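Dear colleague,

I am passing a structure on to you, and my notes on what was found in it follow below. Please read them with the model open beside you.

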Amino acid sequence: MAANTGILRRPLAPVGIWAWMTTVDHKRIAVLYGVTAFFFFLLGGMEALVMRVQLASAESTLVSAATFNAMFTMHGTTMVFMVVMPAGAAFFNFLVPLMIGARDVAFPRLNAFSYWLFLFGALFMNFSFFMNAFPDIGWFGYAPLTSNEFTISNATDYWVLGLLVMGVGTTAAGFNFVVTILNMRAPGMTLMRMPVFVWMTLIVAFLIIFAFPPLTIALAFLTFDRFFDTNFFVDIGAGSDPLLWQHLFWIFGHPEVYILILPAMGIVSDVLPTFTRKPLFGYSMIVFAGVVIAFLGFGVWAHHMFTTGLGPWANAAFSATTMAIAVPTGVKIFNWLATLYGGSITFKTPMLFALGFISMFMLGGLSGIMHAVTAVDSQQQDTYFIVAHFHYVLFGGAIFGINSGIYYWFPKITGKMLSEPLGKVHFWLMLIGFNLTFMPMHILGVIGMPRRIYTYAEDMGFEFLNQIVSAGAFIIALSVIIFIINVVRSVRQGEPAGDNPWEAATLEWSISSPPHHYNFAVVPTVRSQYPLWDENANVVLPPALPAHDEPVMPDPSYWPIVVAFSITMVAGGLIIWQGHAIAGLTVIASMGLLGMRAIYGWVLEPMEDEAHVSVHH
Amino acid sequence: MWAFLGSDVLFFGTLIATHLVYRGQSVSGPTENILDIPITSISTFVLLMSSLAMVLALSGLQRGKMGEARFWLAATALLGSVFIGFQMYEFAEFANEGLTPRTNLFGSTFLIMTGFHGTHVAIGILWLWSLFFATFNGKIHQGNSLEVEIAGLYWHFVDIVWIVIFGVVYLVGAYGAEEHVEEAGHAAAAIFGIG
């Protein structure tokens with residue numbers, strides 16, 4: 001068997017930069033996702049701080065209107081596509097195989113490919129900053145702002161192509177996790193014994209593979225509009241309609257909201273039992289509520305468009321479905337509360353963030369029900385009330401849930417505990433800063449402050465509340481600094497975690513922290529929902545095997561990163577093509593050929609390298 | 001693979017839906033009357049026959065008859081190429097008659113929809129030839145016929161999408177149920193505030 005399908009030697013060393021660039025280990029890919037997401041979290045946070053400094057005083061001239069537009073566009077795009085989604089992907093990657101008793105995901109190289117497409121797509125979009133063409137069209141890029149007429153620079157090109165590249169990677173990840181969860185479960189791990197987090201991952205993966213194609217098509221139409229002068233969204237004189245973009249975008253965009261929030265719901269559903277010392281109340285109800293949310297999530301998109309004149313029938317129908325989706329969400333919240341009731345609660349940091357999630361997310365959910373009423377929404381559309389609402393859902397919800405997950409699984413990932421005192425300071429500062437930032441926005445919205453304005457007159461009465469909001473934003477920034485200190489301190493001198501520091505019940509805690517690269521020496525047999533509570537861990541899992549009996553794992557491969565790179569560079573070639581046709585075509589053609597070559601290299605390359613296999617056999 | 005196909009349904013669903021919503025809204029240039037039903041019927045038949053060849057290829061492989069498998073794999077790929085040839089001829093004809101993606105909405109939605117479909121067929125052809133050559137060096141054999149089965153799933157799916165496009169876009173477009181479709185299209189457009 002020809003082990004080597006390329007020119008370069010297959011890098012088999014377990015450490016070093018090459019090992020990380022060619023890794024196919026789901027745990028390493030998870031760390032890559034997590035670190036990258038945190039980097040973009042800082043970047044998106046700084047964009048938010050620029051906006052908050054600008055708005056802290058009336059008629060401020062710190063930044064221009066154009067810069068402000070770029071800031072809110074990239075803040076939104078970054079936080080949605082480069083922070084919360086990859087943070088979710090980090091948890092999926094690390095936890096799903098461990099929780100279902102598998103050694104890796106179904107397609108390890110496809111997994112690496114997804115990560116590199118995400119990274120390159122994100123860098124590609126942010127590269128626009130250095131080309132002095134920062135996207136400034138809002139994170140939902142409404143037509144006709146995106147047309148050649150209104151975006152003369154390449155700004156929108158970077159945005160649309162960057163999203164396309166990232167979307168391909170995300171869709172591939174969706175397939176990967178559907179197949180992993182359906183086909184890779186350990187013996188006895190029936191669907192209804194899976195941890196809720198795995199269930200939510202499965203639902204999110206289905207949402208991704210059904211919600212991203214409409215976005216991909218919308219972006220493809222926009223690409224044709226921008227590069228080849230078609231008229232999908234632009235030229236109303238030619239019969240086209242800019243509303244089509246809004247429909248296509250929100251058919252993706254609303255399921256996207258659940259893609260962002262369901263992982264956090266899964267995290268909380270697994271954190272609560274551990275710190276209340278009792279099983280989750282209504283496990284099957286929570287699972288089915290998640291499924292119902294996913295289905296309904298595809299039928300509510302037009303509630304983002306109540307003020308576009310859809311007419312009473314559409315408004316009434318989408319109003320009703322939007323209210324209906326509150327029901328399964330409420331079911332989950334009541335089940336979480338019932339889990340807390342009568343439990344022996346310990347307030348460790350993961351638990352605090354989980355409680356923060358439940359309370360803050362609920363506030364966001366309640367203002368969401370207000371928008372479901374078309375008449376109310378017409379008043380609130382495009383005001384700060386909306387900004388307050390979705391930050392309670394996506395920050396109070398997703399970010400608090402993700403923080404809960406970080407504190408909970410950090411010991412498993414690194415083998416070190418995070419500091420509890422610093423964690424508690426982090427939590428309380430973040431909770432206070434968060435509410436100072438976003439609570440007053442409700443009032444600002446109701447008294448009439450529109451979103452996305454870069455300044456306001458002094459006599460409008462917005463200044464005092466805006467100052468509180470800006471102060472709150474800096475408290476959040478402070479809490480993030482404390483988190484960074486906590487992580488650095490822990491990695492350097494944190495106390496060892498042991499296998500199961502929280503005395504939790506799910507499979508990932510039955511193995512060492514950090515886990516061996518092959519996860520489970522022997523694939524466990526599962527007999528209940530909470531295997532480590534219901535039976536001794538040693539029964540579930542025999543002790544580790546001697547080194548020469550280690551299972552053979554897929555070896556690293558450099559093809560995924562090469563394919564991802566060539567796809568991104570084809571997008572780059574398209575942009576070059578606008579200015580210099582020959583140079584652009586050269587880049588597109590050469591990168592296309594490289595991509596084809598790499599796909600064949602990938603397909604023909606065996607999972608395990610010859611040299612490596614012979615060591616074991 | 002089933003998950004991928006499910007996802008691809010949404011992909012083409014969006015394309016076809018956009019085409020239908022924008023139907024009858026082109027203000028200038030040639031539209032559906034440009035479609036050549038007899039020629040496209042032939043190419044549709046060719047594509048359908050390629051699905052039959054695909055089934056025979058898989059059946060041959062599963063029974064260990066490598067010669068049969070190779071013959072039918074090549075036949076599938078060749079029939080697919082003939083279909084692509086028809087499509088290129090069609091696009092060239094349209095360009096001659098003044099219909100490009102820039103001409104009007106019909107041009108944009110129709111050519112990009114069928115273009116994406118043609119790209120799917122082209123990828124399938126590459127895939128089939130790869131499998132064809134892999135039968136010679138032993139990488140594809142009776143034991144891993146699943147590899148061919150998966151390619152077959154993809155091929156049949158692309159075929160089915162074409163049947164939908166041929167029915168909904170070509171036949172309905174050229175012959176009629178004109179007023180009904182238009183009515184339905186306008187009703188849908190009215191509900192969603194487009195048009």
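A nonpolar core here is a set of buried Ala, Val, Leu, Ile, Met, Phe, Trp, Tyr and Cys residues joined through C-beta atoms within 7 Å, where a residue is buried if 20 or more other C-beta atoms, placed from the backbone, lie within 10 Å of its own. The model is predicted, and local features need pLDDT of at least 70, side-chain atom pairs count only at pLDDT 80 or more, and totals for chains, interfaces and linings use all residues. Residues are numbered from 1 along each chain as its sequence is written, while chains are lettered from A and ligands numbered from 1 in the order in which they are written.

The largest nonpolar core holds 227 residues, and those touching the most other members are Leu117(A), Val165(A), Leu207(A) and Val268(A). Once neighbours within four places in sequence are set aside, the contacts of Leu117(A) include Val165(A), Met166(A) and Ala564(A), a contact being two residues whose C-beta atoms, placed from the backbone, lie within 7 Å.

Between the chains, 30 residues of chain A are in contact with 26 residues of chain B. On the side of chain A that touches chain B, α6(A) gives the most, with eight residues, helices being DSSP runs of H or I with at least four residues, numbered from the N terminus.

As for chain B, it has six helices and zero strands, strands being DSSP runs of E with at least two residues. Buried residues make up 38% of its 195 residues.

With best regards

Methods: Buried ≥ 20, exposed ≤ 12 C-beta atoms within 10 Å, placed from the backbone.
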